[in-house]
Amino acid sequence: MNLNVVRKGLEMGVISYGMDDSDDIYMQSWTRTIIGPHNSIHEGCIYPLKLFCDKYYPEKPPTVHFYTWINHDLCEIRDKT
């Protein structure tokens, strides 16, 4: 996860995130919400998602599960993910 990108998203008010379990000392499971930025085709859209970083992160990318359907070239439809 690029911290500068996260910081920029927080400053713009388009990203929120939090840990699923505050007792998770490995910080593996996160819930995030992305709000579509103004003046874009995603304006007004809210995309809640689950982010899971296993023990191989950052060498292996996290698993992302969108709770709502999302139409994006970089997202693969598999088991409603």
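User: Leaving aside its neighbours within four places in sequence, which residues is Cys53 in contact with?

Analyst: The model is a predicted one, and in it Cys53 lies in the loop between E3 and E4. In space, Cys53 and Ser29 are 6.5 Å apart from C-alpha to C-alpha, although 24 residues separate them in sequence. Once the neighbours within four places in sequence are set aside, the residues in contact with Cys53 are Gln28 and Pro62.

User: Is Cys53 buried or exposed?

Analyst: A residue counts as buried when its relative accessible area is under 20%. The relative accessibility of Cys53 is 6%, so Cys53 falls under that cut-off and counts as buried.

User: What is the relative accessible area of Cys45, and how many disulfides does the count come to?

Analyst: A disulfide requires a pair of cysteine sulfur atoms within 2.5 Å, and by this rule the count comes to 0 disulfides. Cys45 is partly exposed, and its relative accessible area is 28%.

User: How is the protein chain built up along the sequence, and what pattern does it follow?

Analyst: The secondary structure of the protein chain comes to 1 helix and 4 strands. Read along the sequence, these elements give the pattern α-β-β-β-β.

User: Which element of the protein chain has the highest mean pLDDT?

Analyst: Over the protein chain the pLDDT averages 76, and 70% of the residues score at least 70. Among the elements, helix H1, which covers residues 3-12, has the lowest mean pLDDT, at 50. The highest mean, 89, belongs to residues 46-52, that is, to strand E3.

User: In what order do the strands of the sheet lie, and which strands stand at its edges?

Analyst: The 4 strands form an open sheet with antiparallel pairing, in the order E1-E2-E3-E4. Each of the edge strands has a single partner strand, so one side of each is left without a neighbour in the sheet, and these strands are E1 (15-19) and E4 (63-66).

User: By what angle are neighbouring strands of this sheet turned against each other on average?

Analyst: The angle concerns the strands that follow one another in the order E1-E2-E3-E4. With direction ignored, neighbouring strands of this sheet are turned against each other on average by 20°.

User: How many bridges join E1 to E2, and which residue in E2 does Ser16 stand opposite?

Analyst: Strand E2 covers residues 29-35 and runs antiparallel to E1, to which it is joined by 5 bridges. Within this pairing, the residue in E2 that stands opposite Ser16 is Thr33.

User: Over how many bridges do E2 and E3 pair, and what is the bridge partner of Ile34 in E3?

Analyst: E2 and E3 pair in the antiparallel sense, and the pairing runs over 7 bridges. In E3, the bridge partner of Ile34 is Tyr47.

User: Over how many bridges do E3 and E4 pair, and what is the bridge partner of Leu51 in E4?

Analyst: The pairing of E3 and E4 is again in the antiparallel sense, and it runs over 4 bridges. In E4, the bridge partner of Leu51 is Val64.

User: Which residues does Thr63 touch, not counting residues up to four places away in sequence?

Analyst: Thr63 has its place in strand E4, and it is partly exposed, with a relative accessible area of 48%. The C-alpha atoms of Thr63 and Lys50 are separated by 8.1 Å, while the two residues are 13 residues apart along the chain. Not counting residues up to four places away in sequence, Thr63 touches Lys50, Leu51 and Phe52.

User: Where is Met27 found, and what is its phi?

Analyst: Met27 is found in the loop between E1 and E2, and it is partly exposed, with a relative accessible area of 45%. Although Met27 is not a glycine, it has a positive phi of about 50°.

User: Is the peptide bond from Tyr57 to Pro58 cis or trans?

Analyst: Pro58 is found in the loop between E3 and E4. The peptide bond that leads from Tyr57 to Pro58 has an omega near 15°, and it is cis.

User: What share of the accessible surface of the protein chain belongs to carbon and sulfur atoms?

Analyst: The protein chain has 81 residues, of which 20% count as buried. Its accessible surface comes to about 6,600 Å², and the share that belongs to carbon and sulfur atoms is 57%.

How values were computed:
Residues numbered from 1 in each chain as written. Predicted model: local features only at pLDDT ≥ 70, side-chain atom pairs only at ≥ 80, totals over all residues. Heavy atoms only, no water. Buried < 20%, exposed > 50% of the residue type's maximum accessible area, 1.4 Å probe, protein only. pLDDT = per-residue confidence, 0-100. Helix = DSSP H or I, 4+ residues; strand = E, 2+ residues; numbered from the N terminus. Pairing = 2+ DSSP bridges. Axes fitted to C-alpha atoms, helices over the stretch in contact; angles between N-to-C directions. Areas by Shrake-Rupley, 256 points an atom, 1.4 Å probe, with all protein chains shown as cover. Contact = heavy atoms within 4.5 Å.
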